[in-house]
Amino acid sequence: MAEPVCFCFQDDGAIPNSRLPLLVYRDAVPADAAAIERLFAANRWPPAWRDGVYPFHHFHSTAHEVPGVARGEVSVLFGGSGGEVLTMRTGDGVVVPAGVGHCNRGQSGDLLIVGAYPDNGPGPDLRRGVPEEHDAVVRAIGRVPVPAADPVQGVDGQLRRLWG
């Protein structure tokens with residue numbers, strides 16, 4: 001079982017980020033949207049959308065998220081303005097903890113991502129780092145449960161060990 005690459009980001013006052021690491025799984029999901037949806041669903045992350053990544057800083061305070069790249073390539077700035085740009089390509093999956101900012105910084109014309117959220121939470125909200133909401137979203141992030149399974153590797157996957 002492949003070990004994901006982990007990234008941690010600090011609260012920057014606008015984007016709270018998370019104490020949990022962002023998990024990058026390279027070449028770990030099928031190059032097919034329907035197959036990615038089946039994989040995520042089998043691991044208790046029901047697929048929620050097919051699209052790209054918003055071109056503005058945003059995060060979810062009520063849910064973790066997994067985008068899996070079915071086709072194309074995208075550069076995403078994770079962690080807010082002081083974070084890190086990572087290139088996601090066909091076959092990559094990234095588990096984004098609640099609170100971790102992400103923003104599209106450029107993509108191929110054929111980009112298609114499947115997104116999902118774990119089945120043990122209320123589902124996602126959309127936050128943009130409004131300073132007046134900071135304390136409330138930090139509290140909300142702290143209440144988001146650890147998923148029952150890794151969306152890419154299943155019940156015995158790395159997520160529960162790394163997020164334990």
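**Close-up views of a predicted model**

**View 1. D32 caps the N-terminal end of helix α1.** A side-chain oxygen of D32 lies 3.3 Å from the backbone nitrogen of A34. This is a polar contact, meaning a pair of N or O atoms within 3.5 Å; within protein, one must be able to donate a hydrogen and the other to accept it, and residues adjacent in sequence count only if both atoms are side-chain atoms. After α1 comes R44, whose phi is positive, near 70 degrees. Before we move on, please note that this is a predicted model, in which local features need pLDDT of at least 70 and side-chain atom pairs count only at pLDDT 80 or more, while totals for chains, interfaces and linings use all residues. Residues are numbered from 1 along each chain as its sequence is written, and side-chain values use heavy atoms, with hydrogens and water left out.

**View 2. Helix α1 (residues 33-42) has buried residues on one side and exposed residues on the other.** Helices (H or I, at least four residues) and strands (E, at least two) are DSSP runs, numbered from the N terminus. Here A33, A35, I36 and F40 are buried. They cover an arc of only 160 degrees around the axis, so they sit on the same side of α1; the arc is that of the directions from the helix axis to the C-beta atoms. R38 and A42, on the other side of α1, are exposed. Buried means under 20% relative accessible area, exposed over 50%, and partly exposed in between (1.4 Å probe, protein chains only). Which strands do the buried residues of α1 pack against? They meet β3 (47-51), β4 (66-71) and β9 (112-116), where contact means heavy atoms within 4.5 Å.

**View 3. Y54 and F56 form a stacked pair.** The structure holds 1 aromatic pair. The ring centres of Y54 and F56 are 5.0 Å apart and their planes meet at 15 degrees, so the pair is stacked. Rings of Phe, Tyr and Trp (its six-membered ring) pair if their centres lie within 6.5 Å; planes under 30 degrees apart count as stacked, over 60 as edge-to-face and the rest as tilted. Y54 is partly exposed, at 42% relative accessible area, and F56 is also partly exposed, at 22%. Look for R128 too: it lies over the face of F56, at 3.8 Å from the ring centre. A charge sits over a ring if NZ of Lys or CZ of Arg is within 6 Å of the ring centre and within 35 degrees of the ring normal.

**View 4. H102, in strand β8 (residues 102-107), is buried.** Its relative accessibility is 5%. A polar atom of the H102 side chain lies 3.0 Å from the backbone oxygen of V100. Not counting residues up to four places away in sequence, H102 touches several residues, including F56, H57, E65 and V96.

**View 5. P4 is found in the segment before β1 (5-9).** Is P4 buried or exposed? At 5% relative accessibility, P4 counts as buried. Among the residues that P4 touches, not counting those up to four places away in sequence, are L23, V24 and L162.

**View 6. Strand β2 (residues 18-25) is largely enclosed by the rest of the structure, because 7 of its 8 residues are buried.** β1 and β2 run antiparallel and are joined by 4 bridges, with V24 as the partner of V5. β2 also pairs in the antiparallel sense with strand β7 (residues 93-95), over 3 bridges; there, L23 has V95 as its bridge partner. Two strands pair if DSSP finds at least two bridges between them.
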